[in-house]
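Work through the exercises below with the coordinates open. Each task is followed by its solution.

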Amino acid sequence: MQSQSVFLRRYSKFLCVITLFLILLGALVKSTESGLSVPDWPTTYGKFMFAYPLNKMAGGIKYEHTHRMLASLVGLLTFILTILILQRKHLSVWIKRLSIFAFLTVVLQGVLGGLTVLFFLPVWLSTFHGVLAQTFFLIVIFIAYALSAERHHRWNLEEEGYNAKFLRWSIVLMGLIYVQLILGNVMRHAQAGLAIPDFPTMGWTFLPSFDQSWLNRVNEWRFENNLDPVNLGQVMIHLTHRCWAFLILLNLLWLNQIAYKECLDKPLIMKTLYWMNLAIILQITLGISTVLSHKEVYTTSMHVTTGAIVLALSFLMVLRASPLTWHQFKATLKNE
């Protein structure tokens, strides 16, 4: 029984890692504009997906087809995880239901991926596809934590009272990051990544007017760089993404202040917060580099992937700062 539990724990963590790699591949598909390199679905140029010749995987097909095959593998691994969890009689019902939900989510994600191709990459559908990928990542992280030795060890300890203030602001931070990933997905699929092509200035000024003459200057630059013109709507999407990043940074600084006053005796929380600080600094750096490099493929893709890591760390911090039961969780949040 012990060996089976260890295997299930490791398997769930492996699914988290390969899901993150799938997000990276999806980012590469978008960064290289390879989404329609394979124009049919569920087949690949009329062939069964896994029967497509490897020697024909060149250019954008390499990214798109590899993304499809890995997505199929993640779906299979999720199905296997669900079966393994449902067979464990000692596991809680909510974990079993969560595993079923994970499988249904990955199936929906696969269907959405196919529909984005069949409907020629509409912004709303592509955005939904991207956001659902991040949501599925959170679900498998939740499952992995539910099965983890850390959580099992916490059950056997009489833990002291939880810090309601830190927990509330951790949830706020996670919510801000999730919204930021939605904004980022909208920005990418609405072709607004370089709607403001400079940093720290905006249209080569610190106080942009956002009028037609200002927009004309931006579009002149885009024309010189062989880019399509943008409208004020795309500019505002880009600006909102930047401003939201600043809100996240402020929230992180506030969370650090709370932690160093009230959570120094909680090593798991402090360790997670440490990595959270590093990840957000890296993410901001990659965001700036994405603009200054004019959306260089690998920089942009790493920016998307690091965003998923930041979201994962924020969720892990919430899990570690929370009680282990829903009743205690609600009671903690009500505490002043």
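**Exercise 1: helix span**

Solution. Helices are DSSP runs (H or I, at least four residues), numbered from the N terminus. After α9 comes H294, with a positive phi near 60°.

The model is predicted: local features need pLDDT of at least 70, side-chain atom pairs count only at pLDDT 80 or more, and totals for chains, interfaces and linings use all residues. Residues are numbered from 1 along each chain as its sequence is written, and side-chain values use heavy atoms, with hydrogens and water left out.

**Exercise 2: aromatic pairs**

Classify the pair W204 and W221, then state whether each residue is buried or partly exposed.

Solution. Rings of Phe, Tyr and Trp (its six-membered ring) pair if their centres lie within 6.5 Å; planes under 30 degrees apart are stacked, over 60 edge-to-face, the rest tilted. The structure holds eleven aromatic pairs. W204 and W221 lie 6.5 Å centre to centre with 50° between the planes, a tilted pair. W204 sits in the loop between α6 (164-189) and α7 (212-224), and W221 in helix α7, 17 residues apart. Buried means under 20% relative accessible area, exposed over 50%, partly exposed in between (1.4 Å probe, protein chains only). W221, at 14%, is therefore buried. W204, at 43%, is partly exposed.

How values were computed: Helix = DSSP H or I, 4+ residues; strand = E, 2+ residues; numbered from the N terminus.
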